[in-house]
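This report covers one structure, with its sheet, helices and nonpolar cores taken in turn.

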Amino acid sequence: MTALLQSTAQINILVVDDTLDNLRLLGKILESQRYTVLKSLNGRMALQAAHRNPPDLILIDINMPEMSGYEVCQQLKASETTANIPVIFISALDQVNDKVRAFEMGGQDYITKPFQELEVIARVQNQLLIQQQKRQLRQEIETRKQAESEAQQLNKILENLNANLERQVQTQTHLQQQLETANRNLQRLASIDGLTQIANRRCFDEYLDQEHRRMKRSQFCAPGANPVSLSLILCDIDYFKLYNDTYGHQAGDLCLQQVAQTLSNVVNRPMDLVARYGGEEFVILLPETDAFGAVYIAEQICTQVRALAIPHLHSLQGYVTISAGVATVNPCIEAQIAKLISMADQALYQAKQEGRDRFRTHIEKEEITSLIDRSRFEAIATLTQSQEESS
Ligand SMILES: [Mg+2]
């Protein structure tokens with residue numbers, strides 16, 4: 001039992017009794033156990049001593065002249081400084097009522113006179129042990145409370161950090177989205193012709209390069225495979241300078257917009273591209289399209305622009321027309337790709353020379369030989385011939 005207690009010399013016990021002999025006897029018993037004993041002959045002095053230096057345990061005689069043990073105990077329990085000090089009552093009265101009252105007053109135990117030394121020691125040790133255990137319990141509760149409060153604070157810090165992080169992520173996501181939108185707009189602006197709203201020259205150059213590389217990678221260019229052709233139509237508005245001079249630049253812009261729209265309407269496949277090549281020149285790239293297909297498109301665009309019937313005093317027909325040059329190459333042959341635009345340009349020049357409002361074709365020999373279906377080649381010849389006759 002004593003193992004749990006602190007060294008007994010450090011334990012102060014206050015003994016209060018108006019009979020000096022009793023004080024001496026109790027003092028002797030307790031001192032034999034090496035407790036530090038303080039003695040008071042009356043309640044008033046005892047209260048002063050207890051407040052000045054609160055002891056670990058108080059033994060109080062019930063019957064004292066000035067202030068009874070009960071009163072002393074009451075006052076001890078009423079003060080915060082001394083309320084927790086255990087009190088053992090001492091009395092010769094061995095009446096049940098006294099004992100009951102002693103406990104009602106807040107006493108922890110009761111010793112009757114004459115003292116039995118072993119009983120006194122046992123009861124004192126018992127109270128000290130209970131007191132020690134209470135202290136430990138209080139400390140444990142305190143430690144636990146502190147740990148809980150620290151955990152709560154940590155939780156709060158974590159919650160704040162999480163909230164901050166979430167806000168940062170949201171801001172970053174928002175900024176990222178804005179950046180992506182801005183980039184998309186920039187990219188669109190960089191590839192669109194402002195006036196006609198079709199692809200610009202830069203976009204065409206990139207697309208030609210991209211399509212050429214794609215077709216080269218594809219199965220069409222595999223050894224032994226039948227290659228698929230790549231066609232291009234270069235066209236421009238006939239007598240456009242005269243149109244501008246006659247009708248003004250605003251009308252000229254409108255004319256360019258209408259022609260661009262018409263070309264876009266004729267060309268329907270997603271892989272095809274209509275672009276403004278410069279000034280009144282337009283270009284149409286037709287991947288995986290042979291001369292036959294390209295000639296069909298060329299004829300369509302000439303017809304559709306004619307059908308717009310935009311008045312043009314200085315044109316032979318009296319309305320706006322276009323001339324076009326068609327070139328078809330084998331995309332698997334590097335040298336032909338390099339010549340694609342100049343071939344179309346030559347064909348366009350020929351169309352102009354021959355009176356405008358028409359298209360001419362320039363087909364490389366290798367492209368013709370690669371056309372497996374002879375009848376398709378003949379169909380192209382017929383189409384071209386009929387167009388020559390009509391113009
Ligand atoms: Mg007495």
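## Sheet

In this predicted model, L232 has L285 in β8 as its bridge partner. The strands β6 (residues 230-237) and β8 (residues 281-286) run antiparallel and are joined by 6 bridges.

Both strands belong to an open sheet of 5 strands, ordered β7-β8-β6-β9-β10, with mixed pairing. At its edges are β7 (273-278) and β10 (359-363), each of which pairs on one side only. On average, neighbouring strands of the sheet are turned by 20 degrees against each other, with direction ignored.

## Helices across the sheet

Two helices that lie across strands of the sheet can be described by the strands they cover. Helix α6 (residues 201-217) lies across β6, β7 and β8, and its direction is at about 130 degrees to β7. Helix α10 (residues 334-353) lies across β6, β9 (322-329) and β10, running at about 150 degrees to β9.

## Nonpolar cores

The largest nonpolar core contains 51 residues. The residues with the most contacts inside this core are L232, I233, I284, A298, A324, V326 and A344. Helix α9 (residues 291-308) supplies the largest share of the core, 9 residues.

Leaving out residues up to four places away in sequence, A298 touches I233, A324, V326 and F359. Another core, of 29 residues, lies apart from the largest one; L14, L57, I90 and L128 are among its residues.

## Helix pair α7 and α8

The axes of helix α7 (residues 240-247) and helix α8 (residues 249-266) come within 7 Å and cross at roughly 135 degrees. Because of this angle, α7 is oblique to α8.

On the α7 side, the contact is made by Y243, N244 and Y247; on the α8 side, by H249, A251, G252 and C255. By class, the residues of this contact are 4 nonpolar and 3 polar, with no charged residue.

Is A190 buried or exposed? A190 has 11 other C-beta atoms within 10 Å, so A190 is exposed.

A190 lies in helix α5 (residues 117-191). Between A190 and I322 the separation is 132 residues in sequence and 27 Å in space, taken C-alpha to C-alpha.

Definitions and conventions: Residues numbered from 1 in each chain as written. Predicted model: local features only at pLDDT ≥ 70, side-chain atom pairs only at ≥ 80, totals over all residues. Axes fitted to C-alpha atoms, helices over the stretch in contact; angles between N-to-C directions. Helix = DSSP H or I, 4+ residues; strand = E, 2+ residues; numbered from the N terminus. Parallel < 35°, antiparallel > 145°, perpendicular 65-115°, else oblique. Contact = placed C-beta atoms within 7 Å. Nonpolar A, V, L, I, M, F, W, Y, C, P; charged D, E, K, R; others polar. Core = buried A, V, L, I, M, F, W, Y, C linked by C-beta atoms within 7 Å. Buried ≥ 20, exposed ≤ 12 C-beta atoms within 10 Å, placed from the backbone. Pairing = 2+ DSSP bridges.
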